[in-house]
Number of protein chains: 2
Amino acid sequence: MSLKLTILGCHSATPRVNAHPTAQFLEIKNHHFLIDCGEGTQVQLRKYGVKFSKIKHIFISHLHGDHFYGLVGLISTFRLLNREAELHIYGPNGLKEIITLQLKLSNSWTQYPLLFHELNATESELVFEDATVEVHTIPLDHRIYTNGFLFKEKLGERKLNAKAIAKFKEIEICDYQNLKNCSDTAYYPEIVPLIKNATCLYHEATFLKDKEALCVTTKHSTAAQAAQIAQLSNVNQLIIGHYSGRYQNKEDFKIEAQAFFENTHLSLEGKVFEINNTLIDY
Amino acid sequence: MSLKLTILGCHSATPRVNAHPTAQFLEIKNHHFLIDCGEGTQVQLRKYGVKFSKIKHIFISHLHGDHFYGLVGLISTFRLLNREAELHIYGPNGLKEIITLQLKLSNSWTQYPLLFHELNATESELVFEDATVEVHTIPLDHRIYTNGFLFKEKLGERKLNAKAIAKFKEIEICDYQNLKNCSDTAYYPEIVPLIKNATCLYHEATFLKDKEALCVTTKHSTAAQAAQIAQLSNVNQLIIGHYSGRYQNKEDFKIEAQAFFENTHLSLEGKVFEINNTLIDY
């Protein structure tokens, strides 16, 4: 059993011809999660062959445009495709108002149930759970309220008591595959306990060291900082993305990160990662 | 002197890899107008080499997503590019609330003046005027409040009294170049007096005759209906667009239209029209 992560967009700020803002499609135990939804995500989903009807849960990290301006369009397209299944959206307070205002003014209410789960907690919380998968928030340090997300497979054979797991963290390493997705954030070692021993950490790396000062004002991270978080957290593997458009050569991000954390991989559009104890990157 | 119209997107409903929703860039006497702004328009602007800073006026026909979901992203990108110049937006009531709510929640107010001119009149009105250009609305018949727009060059040498022109319509034919842009609308002969003798009419043609019944329920037009409006209005030339994704071959739209109006041209992405008494389509 593994998690499969498809990168739909891995750039920051503004969409360009071959540089799409953040969106990722995660397949985990027959669940199909969309993580963030920048402008143009629905086109990227088509480009990489994702069947729209599979998506039942969308997680929005924060309300900066490069992470959610494509959401209202995707919701509208689901309507035009005569979707009937429920769509659950997890994101910060205010997201429901933004979407429903637009549906109201265009007189285009969805014929399918559109369910918002608005988030405002500053501590990690469980936001989705069924027999096989759990999703927890990871509050981050950004200019506005922002969450990362932890996606965790449950054991197939036996149901574990969550409190018991908390006591024996090492069980988690052996028995679970999980992805910890830390979207936009400043260097924030406070998250280390929340992402400790993750199978895979997706951490933003907007800048290289040359712009470390800019990271302070914009509350983003350098590739080196992302790698230091991966090292401190003892994760198995690191994927970095959310590159600033000012850098032409993505390999520089990898080189900078690998000085701190060897098992670092670059997020690139259309790339698929099979996440298990040996990450396959193809 | 001529008008230059660049087609950025000419499809209806949902964006696809090579089919972008409505957006057009109009150059007229040193003015640079963006007409509609579907999702992905900012990427199309870059693709076709439009300098962002030139755009000072954006006209939104109505609040269906395929005509404005790209607007908030473009406004945000102008902010990231450190724009200082005023940006004027003309569109239906409610557009200001949609945009400002998103800027508020993302804590990303523009540093440049963002000025909304909200429209709700059901009669044609003058919405922009300076020494060389006028823009009037053309109220249309669609499922929600919708305007087309008339873009008119004024005479360079002398200023005519608008009332005098109204009495002698034929002056207009000789002395003006103008584009009448009728975005989404049902077949609506009531607009004929407003678009009479236009140099160029851009009229939507979402369907072919095989879906004429669908035009009634969705309040769109067939290619034949667009051409009949052009014929009734005695315009010089017709451009059609806003094609439904169900049709593979755009030439069928042209064939259907030309049975009623010979001088019909197809809107295609990236195509540039020089609009004068002899339309150049290259």
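A: Angles here run from 0 to 180 degrees between N-to-C directions, with axes fitted as lines to C-alpha atoms. The model is predicted.

Seven strands of chain B form an open sheet, in the order β7-β8-β9-β10-β11-β12-β13. The pairing is mixed. The edges belong to β7 (126-129) and β13 of chain B. Each has a single partner strand, so one side of each is left without a neighbour in the sheet. On average, neighbouring strands are turned by 20° against each other, direction ignored.

Now the β13 end. β12(B) and β13(B) run parallel, joined by three bridges. Across this pair, Ile239(B) stands opposite His265(B) of β13(B).

α9(B) lies across β11 (200-204), β12 and β13 of chain B. Its direction makes about 150° with that of β11(B).

Which residues of α10(B) are buried? The helix spans residues 251-258, and Phe253(B), Glu256(B) and Ala257(B) are buried in it. These three cover an arc of only 95° around the axis, so they sit on the same side of α10(B). Helix geometry gives the background: with 3.6 residues a turn, residues three or four places apart point the same way. The other side of α10(B) carries Glu251(B) and Ile255(B), both exposed.

What covers the buried side? The cover includes α9 (223-233), β12 (237-241) and β13 (264-266) of chain B.

Finally, the whole. Chain A superposes on chain B by a rotation of 180° with 0.0 Å of shift along its axis, at an RMSD of 0.0 Å. The two copies are thus related as by a two-fold rotation axis. In chain A, Gly40(A) has the C-alpha nearest that axis, 3.0 Å from it. The same surface serves both copies, as 100% of the contact residues of chain A recur in chain B.

Each chain brings 31 residues to the contact. On the side of chain A that touches chain B, the elements giving two or more residues are α1 (41-47), α3 (71-80) and α4 (95-105) of chain A. By class, that side has 12 nonpolar, 13 polar and six charged residues.

Technical notes:
Residues numbered from 1 in each chain as written. Chains lettered and ligands numbered in written order. Predicted model: local features only at pLDDT ≥ 70, side-chain atom pairs only at ≥ 80, totals over all residues. Least-squares fit on C-alpha atoms with pLDDT ≥ 70 in both. Contact = placed C-beta atoms within 7 Å. Helix = DSSP H or I, 4+ residues; strand = E, 2+ residues; numbered from the N terminus. Nonpolar A, V, L, I, M, F, W, Y, C, P; charged D, E, K, R; others polar. Buried ≥ 20, exposed ≤ 12 C-beta atoms within 10 Å, placed from the backbone. Arc of directions from axis to C-beta. Pairing = 2+ DSSP bridges.
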